[in-house]
There are 2 protein chains.
Amino acid sequence: MALVVQKYGGTSVGSPDRISRVADRIVATRAAGNDVVVVVSAMGSTTDELVALAEAVNSRPPAREMDMLLSAGERISMALTAMAIAARGVEAVSFTGSQAGIITDAAHGQAKIQEIRGTRVREALAEGKVAIVAGFQGVNPDSRDVTTLGRGGSDATAVALAAALDADVCEIYTDVEGVFTADPRIVPDARKLDELSFDEMLELSAGGAGVLMTRSVEFGRRYGIPIHVRSSFDDSEGTWVKEHTMEQAIISGIAHDVSEAKVTVWAVPDRPGVAARLFEPMAEAGINVDMIVQNVSRQGTTDISFTVPKAAVETARQIAERVAGELGAAGVQVDADVAKVSLVGAGMKSHPGVAAGVFRALAEAGINIEMISTSTIRISCVVSGDQVEDAVRALHAAFEPPMVEAEVGA
Amino acid sequence: MALVVQKYGGTSVGSPDRISRVADRIVATRAAGNDVVVVVSAMGSTTDELVALAEAVNSRPPAREMDMLLSAGERISMALTAMAIAARGVEAVSFTGSQAGIITDAAHGQAKIQEIRGTRVREALAEGKVAIVAGFQGVNPDSRDVTTLGRGGSDATAVALAAALDADVCEIYTDVEGVFTADPRIVPDARKLDELSFDEMLELSAGGAGVLMTRSVEFGRRYGIPIHVRSSFDDSEGTWVKEHTMEQAIISGIAHDVSEAKVTVWAVPDRPGVAARLFEPMAEAGINVDMIVQNVSRQGTTDISFTVPKAAVETARQIAERVAGELGAAGVQVDADVAKVSLVGAGMKSHPGVAAGVFRALAEAGINIEMISTSTIRISCVVSGDQVEDAVRALHAAFEPPMVEAEVGA
């Protein structure tokens, strides 16, 4: 008997028919002898519809009220899911984020989970019931207001809840079969990965793989909760994300991200404290700076390039121009038409030739590299936006992930 | 400076445009120097849509989950209303039933308000904010579950909240101009009443006038909160319902009700305890028995007739047939095609000719009276369902309500 946390996204609960299929799966999991906790997102387009209603009455809706509004979405899907389970003769009870004790900070719209109490969820399990919990939402104990967790929030709820309940596995049901070696829409022969490590998944997620957000992978890694990413439309095994994998791939997969823009500050005087002067005000403005590349000094100056979300690029430009003026830099250049491609694999740290292989593959495809950033298990290159799909295909063809140790020896 | 509680029904908040108009009115009330608490229902057809979703996944949805589901409706409308007010530069904050401290019993789907704490509402008012409260919903403190109040629940929330906050007035905004002397769809020259007493309104509501449910009138009467029923589409005065009215009408209005069916138990042996044997099991089955008429005994037996909601008539018939068998009564007859017409007026108690006038007017219109029941300020007759509109028109023509004392003297 295991404790299984299952998370179903908006597409999986997008209609009464789909909710009924989800209920079949939950009841089957329960019938197999497991305790089951289910986390649901809002149905399909509900969130978009609610956002449109809000914008129709207020072009800048207050964040507290926006959270109050959006949290209605999971309330609907969770009650319907509980009803569909009850229709199959299994007792189920639904809980809001607040009722489940999902305690967050006060940052409406992008709240962070601080603690999961889960008292009522445990009580429901002890009574033999299936517990349904609203994803994406929590409560701030100081204001006693409802909060939402922002993008990827329901996954974060599921993995954090699994950690709090010491679950055996957190299953993330989605509309794809698992984690792929690259986006199948770009690389038709991309393969589903059977397993990969938390670190690899973190790098793929940070690199733009949308199937899991980094925040939920971080929860899984921190608390050692295996995450099983799988399709809600069939029973096949998906991708296991866990601490130790059977095979250590040199290259697990290729992620790409077109959501960022590049900012360059030219000819910054190269002296201590320059980077802090530039990036502290970015942090204060809430701008999530991703890649930062600083070249070696030439004639006492250096160029600093970095990427930020496209939505934040105008604010970033204003800050960069102000700081550039104060520092006596030559100027600021913004390029919104860029994309990042990342090659990820836990085994690459012991294979020094991988980076060179990346640069060669991109060069042979006629793709210019604008920025390079690496970690021990990732190589990321910023390229022109119109070349990103070519870059993904070129790298996938060159490395054929998942490339495992055994194959290296062969 | 007064404290005004305003309640807007589903039609009044049925679209972003209408919510914006409601916000205009709220902001104007605030600008006139009043503290404002707003109670909203779910938008237009939201509740029906949610019920349809529930029925699509479970033909008998559990009541707790149904309440969880339906309570999403007000959450949406209240957040949108708060946003629309904020768009006009006035601070507003929305509260669920639970957050507003609307404490109810545990009867999901038809919960009764036991207490209104209102702590957060008072805090919001003290901070100069408009407080928006979800109608129709509350929380049961033992189970910590969300409850809904059933039909007319939002009006009950508004009047009870007005009582708890010691408000100066509770304004009920609706899609009609106020309380009419009869249903204007049936009597084209029905007139809007300027004012009437709680007792009269109670009798009209109990008689089928849908504009206010009896439960909210009862709250108003018990705590002395004047209720102003008015249109959300213009600024005209509606109908004031209060303890003491300037003019005491002999006849205030005519209500009718087609929602009930008639059950007759023939030739019941006339001995003590018979009525209790019949109506105790009805109460235990949760059947709301309205009119009860028992004729005088003839040859040791009597006939007992009563009305019940049409939805409960089959259960009532089964109970009546069982009890009739036990008592040795002659039989049970059910007639679903009946309607009740009621003439209401606080002044009729001192005018003994009113009842006779009712019977004469109905006779002249060729309408047979099947049952009669009276209170000090009401005369109700059950007639054939296909004659109810004729009955309303005949009584309106005969008494021309509001018929006031002054006119009697003239």
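In this predicted model, the C-alpha centres of domain 1 and domain 2 of chain A lie 35 Å apart. Domain 1 of chain A spans residues 3-175 and domain 2 spans 246-410, with bounds taken from an automatic or database domain assignment. Residues are numbered from 1 along each chain as its sequence is written, and chains are lettered from A and ligands numbered from 1 in the order in which they are written. Local features need pLDDT of at least 70 and side-chain atom pairs count only at pLDDT 80 or more, while totals for chains, interfaces and linings use all residues.

**Interface between chains A and B**

- Chain A and chain B each contribute 27 residues to the contact, where two residues are in contact if their C-beta atoms, placed from the backbone, lie within 7 Å.
- On the side of chain A that touches chain B, helices H1 (16-31), H2 (46-57) and H3 (63-86) each supply at least two residues; helices (H or I, at least four residues) and strands (E, at least two) are DSSP runs numbered from the N terminus.
- H3(A) gives the most to this side, with 12 residues.
- This side of chain A divides into 20 nonpolar, 4 polar and 3 charged residues, counting Ala, Val, Leu, Ile, Met, Phe, Trp, Tyr, Cys and Pro as nonpolar, Asp, Glu, Lys and Arg as charged, and the others, Gly among them, as polar.
- The copies meet through the same surface, because 100% of the interface residues of chain A are also interface residues in chain B.

**Symmetry**

- Chain A superposes on chain B by a rotation of 180° with 0.0 Å of shift along its axis (RMSD 0.1 Å), fitted by least squares on the C-alpha atoms of residues with pLDDT of at least 70 in both copies.
- That is the relation of a two-fold axis.
- The C-alpha of A:Ala72 is the one in chain A nearest the axis, 2.5 Å from it.

**Strand E9 of chain A**

- Strand E9 (residues 169-174) of chain A is largely enclosed by the rest of the structure, because 5 of its 6 residues are buried (20 or more other C-beta atoms, placed from the backbone, within 10 Å of a residue's own).
- E9(A) runs parallel to strand E1 (residues 3-8) of chain A, joined by 5 bridges, and A:Tyr8 has A:Tyr173 as its bridge partner in E9(A).
- E9(A) is also joined by 5 bridges to strand E11 (residues 227-231) of chain A, again running parallel, and A:Tyr173 has A:Arg230 as its bridge partner in E11(A).

**Confidence**

- Chain A has a mean pLDDT (the predictor's confidence in each residue, from 0 to 100) of 92, with 98% of its residues reaching 70 or more.
- Over residues 406-410 of chain A the pLDDT is below 50, and this stretch has 1 contact in the model beyond near neighbours in sequence.
- The predictor gives the complex an ipTM of 0.81 and a pTM of 0.84.

Note on methods: Buried ≥ 20, exposed ≤ 12 C-beta atoms within 10 Å, placed from the backbone. Pairing = 2+ DSSP bridges.
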